[in-house]
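Open the structure in your viewer and keep the selection panel handy. The tour goes stop by stop.

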Amino acid sequence: MKDFKLDNEPKITSGFTIPEGYFDTFQEKVLLRLPKEEPKVISIFNRKKNWYFATAAILMIMLSIPLFNNYSTQKEEVDTQILENYIAYQSTISQDEIVDLLEQEDIDKMKMELNVDDREIEEALKSNSNLEEYIIN
Amino acid sequence: MQDEKEFIQELLNPKTQNAAFQKLLLNYQRPLYSHIRNIVLNHDDADDVLQNTFIKVFQYLKDFKGESKLFSWMYRIATNEAITFINQKAKKNGTTSEALQTKLVDNLKADVYFDGSEIQIKLQKAIASLPQKQQLVFKMKYYEEIKYEHMSEILGTSVGALKASYHHAVKKIEEFVKGN
């Protein structure tokens, strides 16, 4: 072939052909292959919900602490009262027996409490005019 | 086509995405098919590469910054996919991509989906003898009639370099045809 000039020639096409109806189904083919969005799984272990539950639980515990304390101390008080009443009115334990149970230290403490000045006794005797009557009777 | 930014927004919005993507397919499937077919030469390979191209477009659409036009961005993906495909095919067959190209052109005569005359086959053979970049520039300019400005956006090469590349390609092709 002599003097072949591409621009002088009539346009040479590529010569490629396409199967009939190729583009009619092409879209569908691609759309089917597109990555699908993952379906959302609603989990019972949802993090956000867990936070709600945890907060609620902690709140409940915190609120119940004073209630619990109150209840438990009340119970103790009742117990001591019952005990005191029992000792005071029901028991047959004599004072001497109680004194025996006390330690020397406890007795000393009591003595300290009763340690009244002689002067004060005198004053009290002076001021109380009915005292003689009490003594006589 | 409508305002491109608006169209890209439609493509990204899950509510309008499906309809917009179908529109994108309708508008670009034919030109992109031609572009890919010119590189990979047989229909089945072009079909594979075209599908992969649209799937990549869909996947990377959220990263599309709008720095270039949507069409040139898609052409760039298609070009990369087609050239990667050819190089991988050559590797699998244990040859170079140039040797594979020559072999593919030889196979064209037997291809059901090639309806070419003697001169058409001769031109394909001449193109196959060119370096890969020149082949690409020649095919885009001669067969697809893409403007240099657009080609520059797609290939990231200056217009001047593209013109020079095309000029060299034409010279070599003319010599090849004369010599055969």
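Select helix 5 of chain B, residues 97–107. Colour Leu100(B), Gln101(B) and Val105(B): these three are buried. Which side of the helix do they take? They lie on the same side of helix 5 of chain B, because they cover an arc of only 140° around the axis. An α-helix has 3.6 residues a turn, so residues three or four places apart point the same way.

Now show what covers those buried residues. Helix 4 (70–92) and helix 6 (118–128) of chain B are among the elements to display.

**The core**

Next, select Leu32(B), Ile36(B), Val40(B), Leu50(B), Met74(B), Ala82(B) and Ile127(B). They have the most contacts inside the largest nonpolar core, a set of 47 residues. Which helix gives the most to this core? Helix 2 of chain B, residues 17–40, does, with 9 residues. Colour by domain as well: the core draws at least three residues from each of domain 1 (1–94) and domain 2 (116–180) of chain B.

Zoom in on Met74(B). Leaving out residues up to four places away in sequence, Met74(B) touches Tyr28(B), Leu32(B) and Val57(B). Leu32(B) also belongs to the group with the most contacts inside the core.

**Helix 8 of chain B**

Move to residues 148–155 of chain B, which form helix 8. Select Met151(B), Glu153(B), Ile154(B) and Leu155(B), which are buried. What do they pack against? Show helix 4, helix 7 (132–143) and helix 9 (159–179) of chain B. Helix 4 of chain B was also part of the cover over helix 5.

Step past the end of helix 8 to Gly156(B). Check its backbone: phi is positive there, near 65°.

**Across to chain A**

Switch to chain A. Its elements are 6 helices and 0 strands, running α-α-α-α-α-α from the N terminus on. Colour by burial: buried residues make up 3% of the 137 residues in chain A.

Then select the contact between the chains. It takes 21 residues from chain A and 25 residues from chain B. On the chain A side, these divide into 12 nonpolar, 5 polar and 4 charged.

**Confidence**

Last, colour by pLDDT. Chain B averages 92, and 99% of its residues score at least 70. The model as a whole scores ipTM 0.83 and pTM 0.66. Where pLDDT is low, the predicted coordinates should not be read in detail.

Note on methods
Residues are numbered from 1 along each chain as its sequence is written. Chains are lettered from A and ligands numbered from 1 in the order in which they are written. This is a predicted model: local features need pLDDT of at least 70, side-chain atom pairs count only at pLDDT 80 or more; totals for chains, interfaces and linings use all residues. pLDDT is the predictor's confidence in each residue, from 0 to 100. A residue is buried if 20 or more other C-beta atoms lie within 10 Å of its own, exposed if 12 or fewer, and partly exposed in between; C-beta atoms are placed from the backbone. Helices (H or I, at least four residues) and strands (E, at least two) are DSSP runs, numbered from the N terminus. The arc is that of the directions from the helix axis to the C-beta atoms. Two residues are in contact if their C-beta atoms, placed from the backbone, lie within 7 Å. Ala, Val, Leu, Ile, Met, Phe, Trp, Tyr, Cys and Pro count as nonpolar, Asp, Glu, Lys and Arg as charged, and the others, Gly among them, as polar. A nonpolar core is a set of buried Ala, Val, Leu, Ile, Met, Phe, Trp, Tyr and Cys residues joined through C-beta atoms within 7 Å. Domain bounds come from an automatic or database domain assignment.
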